[in-house]
Amino acid sequence: MGRNRLVAGNWKMNGSSALIQSFFDDMKNQSLPDQVGLLLCPPLVYLPEMLAAARGTGISVGAQTVCETAEAGAFTGEVSAEMLSDIGASHVIVGHSERRHIYGESSDMVASKFSAAQSAGLVPILCVGETLEEREAGNMETVLAEQLGCVLSQCGASALGQAIVAYEPVWAIGTGKTASPEQAQAAHAFLRSQVAAQDDTIAAGLQILYGGSVKPDNAAELFACEDVDGGLIGGASLKVESFLGIARAG
Ligand code: PEP
């Protein structure tokens, strides 16, 4: 299919200066896999430190969320896409299920974050995924269509030419339950078909990552699926051994 593989780590609200130092010390002794992009998204406060530690390693560094408003101003506590770009971040995760479900971010708000990120030159990683209840009620495709559809209608299919999508079933995040390769492939193919309905070329080139309890021992079978182009990794991205074990899988 010709799409590159990306393995991205979401450290969530984990880590410390000491962890960043030891992580990149451990990295020095490792050879990185060819043909696999690597990205790490630490908590915001550690971005400058991780950017400095990652310089020259070939590992990109991104943020976990961003303000939906592009203009600077009276938005206490928020950080703009321009600011992330200014300090050297390359990517930003938008619409992670923890942002949608704990902090009540709507699909419209996520689409605004996506747009603000792209306007500042960042690559947004748009997370979509259904809860267990939604899957069991047979609504997986409806949920994915709504979450992706908001971005398609607000930003246009062409915007997905400079973006990444991550399918992260909520029931698989941090639970140790991974989607089977068949479940992942079906969801990824559905997402790609939603984009293809508007633009075949953009759909064919779109990287769609799988996230949800990916580990070194289950990564290869997930990455072997035709429409799975890598992973968004939570817990297992905090250790070099498991992060690189996943990146080397398959
Ligand atoms: C995530 O945080 O996006 C995630 C997929 O977490 P985990 O790999 O721990 O399930």
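**View 1. Helix 1 crosses helix 2 in a right-handed sense.** Here a crossing is right-handed if the near helix is turned clockwise from the far one by less than a right angle, and left-handed if anticlockwise. This is a predicted model, where local features need pLDDT of at least 70 and side-chain atom pairs count only at pLDDT 80 or more, while totals for chains, interfaces and linings use all residues. Residues are numbered from 1 along each chain as its sequence is written, and side-chain values use heavy atoms, with hydrogens and water left out.

Helix 1 (residues 17-28) packs against helix 2 (residues 47-54) at about 15 degrees, and their axes lie 10 Å apart. Axes are lines fitted to C-alpha atoms, for helices over the stretch in contact, and angles run from 0 to 180 degrees between N-to-C directions. The two helices, helix 1 and helix 2, are therefore roughly parallel (under 35 degrees; over 145 is roughly antiparallel, 65 to 115 roughly perpendicular, the rest oblique). Helices (H or I, at least four residues) and strands (E, at least two) are DSSP runs, numbered from the N terminus.

**View 2. Side chains where helix 1 meets helix 2.** From helix 1 come S17, I20, Q21 and F24, and from helix 2 come E49, M50, A53 and A54; contact means heavy atoms within 4.5 Å. By class, this contact of helix 1 with helix 2 holds 5 nonpolar, 2 polar and 1 charged residues (Ala, Val, Leu, Ile, Met, Phe, Trp, Tyr, Cys and Pro count as nonpolar, Asp, Glu, Lys and Arg as charged, and the others, Gly among them, as polar).

**View 3. Strand 7 beside strand 8.** Strand 7 (residues 207-211) and strand 8 (residues 230-233) pair in the parallel sense over 2 bridges; pairing requires that DSSP finds at least two bridges between two strands. Look for Y210, which stands opposite G231 in strand 8.

**View 4. Helix 10 packs with helix 11.** Helix 10 (residues 216-223) and helix 11 (residues 240-247) make an angle of about 20 degrees, with axes 8 Å apart, so helix 10 is roughly parallel to helix 11. Their crossing is right-handed. P216, A219 and F223 in helix 10 meet S242, G245 and I246 in helix 11, giving the contact 4 nonpolar, 2 polar and no charged residues.
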